[in-house]
Amino acid sequence: MTTVQEAASSESGPALHSDSILGKAFAVLGAFSHGPRMLSLSQISRNSGVPKSTTHRLLAMLVELGAVERSGTEYRMGDVMFSYGSRSPEMALRDAALPHLESLLLRTRQVVHFAVLRKREVLYLERLSAGSVMSPATVGGRLPAHLTGVGKALLAYSSAETINHYVDRPLAARTYSSITSPDLLRHELAGIRSRGVAFDHAEVADGLHCVAVAVRSGGHAVAAVSVGYPPDAGSGQAFIEPVRTAAAQIARSLPLDEFDLGSL
């Protein structure tokens, strides 16, 4: 069975299967997208799938450019990458959403997620936590969309072409997932469109349930917000209205002049 983390790391970034030097450099940078912030040469080589000798040469180049920084025998992402990333449309989206996510956190005292859809995964732009429930989501991390509340909320409002592309490939699975076939996924997405709310019942992580609502603007579902809670917090019905309110507030706060919502 494909694990959630394996599925996420296998589809993160188009460069992972490229034989060009640029593709390999992106694969090396992609090694930092999961796990510890500081990695050894061996860990980077293993995570990226790039031979150790090639990884060593690429790291030397990336260090010189400031994309990676070295501390002893370990490496971390360089501040140049932060500077580049801070100019992305996703950061503008996250900045607009943050005050409303913080209000949602104060209102629910649980885990709050904010994410966008990227191919078959959700990319997490923010995660805020006040409760004891553990979430595998990390800022900048990715998870299979159909196993998460935010992912299902976004898929439900995607085009038929996007949904068909998603379900035409094998679905990453977990023991507790309710989604075991493309037909079940299509049925669930239709239900989400009808009620406007998506649920994740311990499908991406044991003991984590989520209520999610898409942030819709200009005819597009540009992001999704969710509250994650433990099983002893109830059915999640109490979180639906707060999540709906946060999604509506975020939609009204989007910086429409900064980026094309359709491109997100």
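Student: How many bridges join S4 to strand S5, and how do the two strands run?

Tutor: Eight bridges join them in this predicted model. S4 and S5 (residues 121-129) run antiparallel.

Student: Which other strand is joined to S4 by bridges?

Tutor: Strand S9, residues 220-229. Five bridges link S4 and S9, and these strands are antiparallel. Val111 gives you a place to start: its bridge partner in S9 is Gly228.

Student: How do I read the two sides of a strand?

Tutor: Side chains in a regular strand alternate between the two faces of the sheet. Now apply that to S4. Val111, His113, Ala115 and Leu117 lie on one side. Val112, Phe114, Val116 and Arg118 lie on the other.

Student: Now the surface. Which residues make the nonpolar patch?

Tutor: Ile21, Leu22 and Phe26 make it. The patch covers about 330 Å². Ile21 sits in helix H2, residues 21-30.

Student: Why does Ile21 count as exposed?

Tutor: Check its relative accessibility against the cut-off. Exposed means over 50%. Ile21 has 53%, so it counts as exposed.

Definitions and conventions. Residues numbered from 1 in each chain as written. Predicted model: local features only at pLDDT ≥ 70, side-chain atom pairs only at ≥ 80, totals over all residues. Heavy atoms only, no water. Buried < 20%, exposed > 50% of the residue type's maximum accessible area, 1.4 Å probe, protein only. Helix = DSSP H or I, 4+ residues; strand = E, 2+ residues; numbered from the N terminus. Pairing = 2+ DSSP bridges. Patch = residues over 30% accessible without salt bridge, like charges linked within 9 Å, V, L, I, M, F, W, Y side chains within 5 Å. Areas by Shrake-Rupley, 256 points an atom, 1.4 Å probe, with all protein chains shown as cover. Salt bridge = Lys/Arg side-chain N within 4 Å of Asp/Glu carboxyl O.
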